[in-house]
Amino acid sequence: GTNSTTIVLDDDNPLNNSVIETVTVNSQAVANTLAALTTTNVNATSLVINGDKKLTISTALDTSITSIDASGMPTGGLTLSAAPGAAAVTVVGSGAADTLAAMGTGNHNLSMGGGNDTVDFDGTWTKDDTLDGGAGKDTLSVLGSINNSGLNATIFDNLTNVEVLDAEAADGNQVIALDSNTPFTTIDLDN
């Protein structure tokens with residue numbers, strides 16, 4: 001239900017070397033919040049989310065989960081309130097508004113699907129990240145300066161269907177250079 005629930009998948013083997021490749025969560029009946037989804041002891045690499053109600057996961061996913069697929073959620077949406085634990089993840093979003101917070105420093109591949117999605121890269125967005133916002137008015141949030149000029153004009157090459165750049169100053173100062181290859185229709189500058 002809407003109360004925070006913790007799910008821990010454990011291995012009865014003391015070596016914790018069992019592998020459950022895919023963990024599937026069905027979010028149904030009401031919006032659901034998982035305070036934690038712990039899969040470390042079963043070495044799960046993939047999280048699949050189905051259902052028609054919003055699912056929020058409040059803490060970071062374990063480092064073994066490198067694939068998150070919410071395409072089985074036509075409505076509701078997925079919110080990851082903390083960065084995934086893995087250095088790099090592949091995410092397929094839901095048909096509704098998804099929110100991914102504080103993506104880590106790896107090279108991520110994100111295909112967000114429908115809805116007005118928000119992906120927060122803090123200060124980690126690089127030209128090697130891939131983000132397709134899909135349908136809706138989608139937002140890329142970054143922290144600090146962005147240089148998309150001169151030799152760095154390729155920083156948004158792997159960015160499609162993202163309409164809003166939300167740039168927040170890291171220390172009260174920021175430089176935003178958007179000389180070319182800029183897909184945004186709206187730029188929000190925050191102090």
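A residue counts as buried at under 20% relative accessible area, as exposed at over 50%, and as partly exposed in between, using a 1.4 Å probe and protein chains only. The model here is a predicted one, where local features need pLDDT of at least 70 and side-chain atom pairs count only at pLDDT 80 or more, while totals for chains, interfaces and linings use all residues. Residues are numbered from 1 along each chain as its sequence is written, and side-chain values use heavy atoms, with hydrogens and water left out.

**Overall build**

- The protein chain has 18 strands and 0 helices; strands (E, at least two residues) and helices (H or I, at least four) are DSSP runs, numbered from the N terminus.
- For 191 residues, a compact globule would have a radius of gyration near 16 Å, and the 17 Å of the protein chain agrees with that. The radius is taken over C-alpha atoms, and the globule rule is 2.2 Å times the number of residues to the power 0.38.
- Along its principal axes, the C-alpha trace spans about 55 × 35 × 25 Å.
- Of the 191 residues, 39% count as buried.
- Taking contacts (heavy atoms within 4.5 Å) between residues at least 6 apart in sequence, 37% join residues at least 24 apart.

**The sheet**

- An open sheet of 9 strands runs in the order β1-β3-β5-β7-β9-β11-β13-β16-β18, with parallel pairing. Two strands pair if DSSP finds at least two bridges between them.
- At the edges stand β1 (4-8) and β18 (186-190), each with a single partner strand, so one side of each has no neighbour in the sheet.
- Inside this order, β5 and β7 pair in the parallel sense over 3 bridges. Leu 55 has Leu 78 of β7 as its bridge partner.

**The nonpolar core**

- The largest nonpolar core has 37 residues, and those with the most contacts inside it are Leu 47, Ile 68, Leu 110, Trp 125, Leu 131 and Leu 140. Such a core is a set of buried Ala, Val, Leu, Ile, Met, Phe, Trp, Tyr and Cys residues joined through side-chain atoms within 4.5 Å.
- Several strands supply at least two residues each to this core, among them β2 (22-27), β4 (46-51), β6 (67-72) and β13 (139-143).
- Leu 47 has its place in strand β4 and is buried at 0% relative accessibility. Beyond residues up to four places away in sequence, Leu 47 touches Val 23, Val 25, Leu 37, Ile 57, Leu 61, Ile 65, Ser 67, Ile 68 and Asp 69.
- Leu 47 and Asn 116 are 69 residues apart in sequence and 22 Å apart in space, C-alpha to C-alpha.
- Leaving aside neighbours within four places in sequence, Leu 131 is in contact with residues including Leu 110, Met 112, Val 119, Trp 125 and Leu 140.

**Aromatic pairs**

- The count comes to 2 aromatic pairs. Rings of Phe, Tyr and Trp (its six-membered ring) pair if their centres lie within 6.5 Å; planes under 30 degrees apart count as stacked, over 60 as edge-to-face and the rest as tilted.
- Phe 121 and Trp 125 have ring centres 4.9 Å apart and planes at 85 degrees, so the pair is edge-to-face. Phe 121 is buried too, with a relative accessible area of 0%.
- Phe 156 and Phe 184 have ring centres 5.1 Å apart and planes at 90 degrees, so this pair is edge-to-face.
- Phe 156 lies in the loop between β14 (146-148) and β15 (159-160), and Phe 184 in the loop between β17 (176-178) and β18, so the pair ties together parts that are 28 residues apart in sequence. Both Phe 156 and Phe 184 are buried.

**Loop residues worth a look**

- Ser 94 sits in the loop between β8 (90-92) and β9 (99-100), and counts as buried at 2% relative accessibility.
- The side chains of Ser 94 and Asp 98 are joined by a polar contact of 2.7 Å. A polar contact is a pair of N or O atoms within 3.5 Å; within protein, one must be able to donate a hydrogen and the other to accept it, and residues adjacent in sequence count only if both atoms are side-chain atoms.
- Most residues other than glycine have a negative phi.
- Ala 29, in the loop between β2 and β3, has a positive phi near 75 degrees and is exposed at 67% relative accessibility.
- Asn 161, in the loop between β15 and β16, has a positive phi of about 55 degrees and is partly exposed, with a relative accessible area of 41%.
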